[in-house]
Amino acid sequence: MTISKAVPNDAPILEVRNVVMHYRTEKGDVSAIENVSFSLKSGESFGLVGESGCGKTSMAMALLQLQAENATFKGGEIVLNGEDMLKMTPAEVRSHRWSDISMVFQGAMNAWNPVHRVGAQIKEAMDLHIRPQLSHTESRERIASLFEMVGLDPEMMDRYPHEFSGGMRQRAIIAMALSCDPQIIIADEPTTALDVIVQDQILTELKKIQHDLGMSIIYISHDIAVIAEVTDRMGVMYAGKMVETGPTIEVFHNPKHPYAFLLLSSTPSITGPRRKLAPLEGEPPNLLDPPPGCRFHPRCPFVTDQCRTEEPPLAEIGGGHQVACWNWESVPPLSEGLRK
Amino acid sequence: MTDVQAPASTRPLIKVEGLEKLFPIGSSRFRAPDAYVHAVDGIDFEIAPGESLGLVGESGCGKSTTGRMLVRLMEPTAGSILLQDGEEMLDIAAIEKRDMLRFRRRVQMIFQDPFESLNPRRTVYDTVAEPLTVQRVGSVLEREMRVAKLLDLVGLSPADTFMFRYPHELSGGQRQRVAIARALVLDPSFVVADEPTSMLDVSIRISIMDLMLSLAEEFGVSYLYITHDLAVARYMCDRIAVMYLGKIVEITDTEELLANPLHPYTKALLSAVPVPDPAYKRPDVLIKGGIAKAINPPPVCRFVDRCPMATDFCRTHDHPDLEDKGNRHFVACHLVESSAG
Ligand SMILES: Nc1ncnc2c1ncn2[C@@H]1O[C@H](COP(=O)(O)OP(=O)(O)O)[C@@H](O)[C@H]1O
Ligand SMILES: Nc1ncnc2c1ncn2[C@@H]1O[C@H](COP(=O)(O)OP(=O)(O)O)[C@@H](O)[C@H]1O
Ligand code: SF4
Ligand code: SF4
Ligand SMILES: [Mg+2]
Ligand SMILES: [Mg+2]
């Protein structure tokens with residue numbers, strides 16, 4: 001990949017501050033987002049990584065105010081260009097959605113309506129969100145240029161979804177997300193269902209588009225290798241909590257939260273020496289009843305008594321690198337690994 | 001054609017020759033098929049006792065079809081699958097019904113989806129003990145002890161707290177452990193594992209892979225390990241075979257394949273794998289487009305339409321044979337020269 005990264009400008013366009021969101025269920029409250037904070041600068045690419053069920057999609061939905069009906073916000077702010085989205089009316093939120101902040105949903109490539117042409121479905125989104133509405137010809141021209149941008153033949157706009165391969169459907173989804181010229185795109189597992197070669201093509205194009213349009217992107221993935229490749233800064237989530245954030249290179253080369261450290265130590269790679277990987281024992285907790293204190297404590301090799309009762313705050317350790325762990329100073333350099 | 005893939009000194013445990021599976025399209029009771037999908041199109045490979053062979057490639061290239069034929073969940077349309085049986089080689093593709101039971105003892109399969117591969121109405125004990133019951137192995141008490149031992153081995157311990165649970169009471173990782181226990185309960189010599197960890201979370205994946213590696217050592221099992229993830233194949237496998245549209249295009253030792261890929265498709269595949277290091281810059285991926293379906297493919301190289309090196313020779317000659325280019329590094333490409341070594 002040869003595309004240079006956009007130079008982020010310093011002012012955050014999106015700030016997530018201490019957001020708490022729970023789902024009400026028959027069995028009780030699911031603590032899906034617990035006191036999560038991070039910010040996104042203009043032109044920046046931010047990655048959210050963590051295993052399934054840790055709250056990534058919930059966070060994405062919260063950012064668009066498209067959370068499930070049983071979700072309730074218990075606190076925090078989501079500040080978009082200086083305005084708190086949690087305080088907006090539904091109409092105000094709608095005026096920002098798509099045109100300021102849009103999204104490539106997880107699994108969206110399978111959500112095209114099979115009976116309508118792909119171009120017509122994109123036009124519908126534009127008609128709802130672009131003011132003043134574009135004329136028919138303007139819409140077609142815009143869709144054609146969007147298709148070119150994402151590497152699709154513009155003639156495909158008059159075809160039906162079943163005539164697209166999986167990779168092409170995902171490209172068309174990206175075209176739709178770009179259609180109202182947003183400042184921010186949230187891409188939730190944008191390449192998870194695709195083979196590596198198509199994944200590479202799509203990530204390369206997304207990077208190029210981001211650079212050319214000066215957009216900000218939040219990438220969400222369970223695959224830390226994807227996050228390593230496409231983001232400037234990142235956050236690691238575990239069981240609804242943000243446990244480590246910082247410049248991507250810093251988090252990868254110098255992880256200080258035990259979970260991030262173990263995740264990186266247990267990721268196989270085709271490069272570097274072939275090595276024995278350190279397994280992470282146990283499984284993530286049920287968010288209906290998360291462990292007290294640090295949510296990682298039942299699986300943590302660095303656990304101390306304090307961890308079992310007191311929740312560690314996300315604290316700065318230098319250079320914009322933040323860690324939520326009482327014992328981060330005990331975490332060894334990644335190269336030393338963990339002795340079993 | 002190729003009978004020297006497995007380490008020369010040992011007799012292969014599995015020897016596959018000219019294996020083929022064509023699926024008819026558009027046929028019915030009254031109509032001959034319009035065409036065939038060449039899901040597996042004449043492949044050869046060997047697996048040595050105790051060896052783990054990785055089968056990698058993009059989705060639709062024929063990995064699962066190959067795996068299913070090896071355990072006789074699917075009938076090949078041509079070719080043979082020979083399994084070492086004492087001094088003889090038993091042709092799996094031609095096994096008679098009455099020999100099936102004996103064959104099933106030796107060959108097992110682990111599937112991708114632990115949520116679908118277990119019967120929701122059966123307890124862990126029923127699931128793991130079933131192969132023993134079918135094979136009439138041991139007394140009830142002996143079966144119970146065997147199941148308990150296997151559950152301990154796969155990390156579901158203490159065994160008696162797991163034996164009488166149902167699949168819905170287990171996590172994904174625990175279900176895959178049950179599937180592994182079931183596959184190994186008869187002490188098989190060969191296991192086909194089809195993407196056994198791809199549905200599991202990263203943090204659970206390594207412990208399942210480590211478990212499969214240590215059990216392979218303990219039981220002396222050979223694996224055909226199917227995965228689309230080359231990093232996983234590297235962790236698990238001694239050798240790797242790369243498939244493209246029903247053909248094996250390259251097969252050699254794992255580290256040799258990664259360090260010195262020779263087939264243009266393998267090179268592209270390797271350069272597309274994301275690396276968990278932001279400082280690492282991958283080479284550009286030289287091929288375009290996506291994988292198609294092999295429906296009545298022309299006889300030329302299957303990769304010719306996407307190959308950045310294709311020449312007129314490739315367009316006018318038959319699909320290249322898988323040939324040893326030196327050091328047991330087999331490649332199917334007209335343009336790759338043999339190294340003298
Ligand atoms: N509508 C909902 N009601 C109840 N629980 C939910 C709902 N949506 C998600 N969850 C739960 O919230 C947690 C976080 O889910 P999610 O945000 O989808 O995680 P991720 O995207 O990281 O896999 C999980 O435990 C999930 O089961
Ligand atoms: N039962 C079937 N009927 C028709 N086509 C099939 C069947 N099973 C698989 N195929 C086709 O055979 C090819 C190989 O499939 P498969 O072995 O599942 O590939 P992989 O496991 O590598 O993804 C694909 O084109 C697939 O669509
Ligand atoms: S706070 Fe304690 S339990 Fe939590 S990650 Fe740090 S050391 Fe481990
Ligand atoms: S035989 Fe020709 S078309 Fe096929 S992989 Fe080799 S160079 Fe490419
Ligand atoms: Mg998700
Ligand atoms: Mg498969």
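## An enclosed helix in chain B

Helix H9 (residues 264-272) of chain B is largely enclosed by the rest of the structure, because 8 of its 9 residues are buried. Buried means under 20% relative accessible area, exposed over 50%, and partly exposed in between (1.4 Å probe, protein chains only). Helices (H or I, at least four residues) and strands (E, at least two) are DSSP runs, numbered from the N terminus. The buried residues of H9(B) are B:Pro264, B:Tyr265, B:Thr266, B:Ala268, B:Leu269, B:Leu270, B:Ser271 and B:Ala272.

The cover over these residues comes from both chains. It includes helix H6 (196-213) of chain A. From chain B it includes helix H7 (230-236), strand S9 (239-244), strand S10 (247-253) and helix H8 (254-259).

## Basis of the model

This is a predicted model, in which local features need pLDDT of at least 70 and side-chain atom pairs count only at pLDDT 80 or more, while totals for chains, interfaces and linings use all residues. Residues are numbered from 1 along each chain as its sequence is written, chains are lettered from A and ligands numbered from 1 in the order in which they are written, and side-chain values use heavy atoms, with hydrogens and water left out.

## Ligand 1 in chain A

Ligand 1 is surrounded by 15 residues. A residue belongs to such a shell if one of its heavy atoms lies within 4 Å. The closest are A:Gly53, A:Lys56, A:Thr57, A:Ser58 and A:Asn70. By class, the shell has 6 nonpolar, 7 polar and 2 charged residues. Ala, Val, Leu, Ile, Met, Phe, Trp, Tyr, Cys and Pro count as nonpolar, Asp, Glu, Lys and Arg as charged, and the others, Gly among them, as polar.

A polar backbone atom of A:Gly53 lies 2.6 Å from an oxygen atom of ligand 1. For A:Gly55, again through a polar backbone atom, the distance to a ligand 1 oxygen is 3.1 Å. A:Asn70 places a polar side-chain atom 2.9 Å from a nitrogen atom of ligand 1. Taken alone, ligand 1 exposes 560 Å², and the protein buries 68% of that (Shrake-Rupley method, 1.4 Å probe). Strand S1 (12-25), strand S2 (28-41) and H1 of chain A each give two or more residues to the shell. H1(A) has the largest share, 3 residues.

## The magnesium site

A:Thr57 (OG1) and A:Gln106 (OE1) coordinate the magnesium ion (ligand 5) at 2.1 to 2.4 Å. Donors are N, O and S atoms within 2.8 Å of the metal (3.2 Å for Na, K and Ca); water is not among the atoms, so sites may look incomplete.

The two residues are 49 apart in the chain. A:Thr57 sits in helix H1 (residues 56-64), and A:Gln106 in the loop between strand S6 (101-104) and helix H3 (118-129). A:Thr57 counts as partly exposed at 28% relative accessibility. A:Gln106 is also partly exposed, at 47%.

## Ligand 2 in chain B

The shell around ligand 2 includes B:Phe23, B:Val37, B:Glu58, B:Thr65 and B:Lys293. It has 4 nonpolar, 5 polar and 3 charged residues. A backbone N or O atom of B:Gly60 lies 2.6 Å from a ligand 2 oxygen. B:Lys63 brings a polar side-chain atom to 2.9 Å from an oxygen atom of ligand 2. Alone, ligand 2 exposes 560 Å², of which the protein buries 67%. Strand S2 (35-47) and helix H1 (63-70) of chain B each contribute two or more residues. H1(B) gives the most, with 3 residues.

Key
A polar contact is a pair of N or O atoms within 3.5 Å; within protein, one must be able to donate a hydrogen and the other to accept it, and residues adjacent in sequence count only if both atoms are side-chain atoms. Contact means heavy atoms within 4.5 Å.
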